[in-house]
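These are my notebook entries on one protein chain.

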Amino acid sequence: MKPLDKKDLIILSELLNDGRKSYSDLAEKIKLSVPATKSRVEKLIENGIINFFTVNLDHSLLTEGRPSLIAIRTPSKSIQNLSEELYTNKLVQRVFLTGGRYNLLLITHYITDAQKSKLISNIQSLEEVEDIETTILYDEMPEKRDLLILEPKSIKLICDYCKREFADTIFTKVIGNKKRYFCCNTCLSVFEKRFGMVD
Ligand SMILES: [Zn+2]
């Protein structure tokens, strides 16, 4: 895959701030024609760098139930397997790695009480799960719909190997089922070699 350049980073940063920005706005920012901008965005989608466009919706108007937060404690060696397993359940929206008493935090989609009970007993039945605690989310206090992304951080991508911030170009490759990002081909090949050894 062709490495990302500054113009791609500007597109990503603009879309992070406003996912519905028009092609002509984007084109103006990166000083390219609208068709050229469109094909860059399409390439970013094709490469999986842009996964989806977010739309702010009031879910409570569309669906029954409420999201739940479920904190899970599992041995550290099981974290990877367990989170993959949790994602196979369609009620699960996101899983976070956390510190403290619990090491995984799961947030569900909007689900009903019945779905929630079923999900909880499902999770409890998994042998890697040592303890689980659940909380229902009622409302956001105060309500804040927009995702605020602070400008420099939104494009602060770091190399998966040397952890340095990217300059102009980014090299990507799928290694171990995950898309990885590197600052140069050397980091990419060293990472790939080491990854092969631990696997
Ligand atoms: Zn690097």
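**Entry 1: the cores.** I looked up the largest nonpolar core and found 9 residues in it: Ile70, Ile72, Leu82, Leu86, Leu104, Leu106, Ile111, Leu119 and Ile123. β1, α4, β3 (104-108) and α5 (113-124) are the elements that give two or more residues to this core. I noted a second, separate core of 8 residues, which includes Tyr161, Phe166, Phe171 and Leu188. A nonpolar core is here a set of buried Ala, Val, Leu, Ile, Met, Phe, Trp, Tyr and Cys residues joined through C-beta atoms within 7 Å. Buried stands for 20 or more other C-beta atoms within 10 Å of a residue's own, exposed for 12 or fewer, and partly exposed for values in between, with C-beta atoms placed from the backbone. In soluble globular proteins, nonpolar side chains tend to be buried together.

**Entry 2: the basis of the model.** I recorded that this is a predicted model, in which local features need pLDDT of at least 70, side-chain atom pairs count only at pLDDT 80 or more, and totals for chains, interfaces and linings use all residues. Residues are numbered from 1 along each chain as its sequence is written.

**Entry 3: the chain as a whole.** I listed 7 helices and 6 strands for the protein chain. Helices (H or I, at least four residues) and strands (E, at least two) are DSSP runs, numbered from the N terminus. From the N terminus on, I read the order of elements as α-α-α-β-α-β-β-α-β-α-β-β-α. Of the 199 residues, 14% count as buried. I also looked up contacts, meaning pairs of residues whose C-beta atoms, placed from the backbone, lie within 7 Å. Among contacts between residues at least 6 apart in sequence, 55% join residues at least 24 apart.

**Entry 4: the four-stranded sheet.** In which order do the strands of the open sheet of 4 strands stand? I found β2-β3-β1-β4, with antiparallel pairing. Two strands pair if DSSP finds at least two bridges between them. The edge strands, each pairing on one side only, are β2 (92-97) and β4 (131-136). From one strand to the next, the twist averages 20°. I noted 6 bridges between β1 and β4, which run antiparallel. Ile70 stands opposite Thr134 in β4.

**Entry 5: helices on the sheet.** α4 lies across β2 and β3 and runs at about 165° to β2. α5 lies across β1, β3 and β4, at about 165° to β4. Angles here run from 0 to 180 degrees between N-to-C directions, and axes are lines fitted to C-alpha atoms, for helices over the stretch in contact. I then looked up Leu82: leaving aside neighbours within four places in sequence, Leu82 is in contact with Thr74, Leu104, Leu126 and Glu128.

**Entry 6: Pro75.** I located Pro75 in the loop between β1 (68-73) and α4 (79-87). Pro75 counts as exposed because there are 11 C-beta neighbours inside 10 Å. Pro75 and Glu128 are 53 residues apart along the chain, and their C-alpha atoms are separated by 7.1 Å.

**Entry 7: α2 and α3.** At what angle do helix α2 and helix α3 pack? I found about 100° for α2 (residues 23-30) and α3 (residues 34-46), with their axes 9 Å apart. The two helices are therefore roughly perpendicular to each other, a label for angles of 65 to 115 degrees; under 35 counts as roughly parallel, over 145 as roughly antiparallel and the rest as oblique. Tyr23, Ser24, Leu26, Ala27 and Ile30 in α2 meet Val34, Thr37 and Lys38 in α3. In the loop between these helices I found Lys31, whose phi is near 55°, a positive value in a residue other than glycine.

Entry 8: I noted 5 bridges joining β5 to strand β6 (residues 178-182), the two running antiparallel. Phe171 has Phe182 in β6 as its bridge partner. β5 and β6 form a hairpin with 2 residues between them, and Gly176 in the turn has a positive phi of about 60°. Asp160 is found in the loop between α6 (151-154) and β5 (171-175). Is Asp160 buried or exposed? Asp160 counts as buried, because 20 C-beta neighbours are inside 10 Å. Not counting residues up to four places away in sequence, Asp160 touches Arg180, Tyr181, Phe182 and Phe191.

Note on methods: Contact = placed C-beta atoms within 7 Å.
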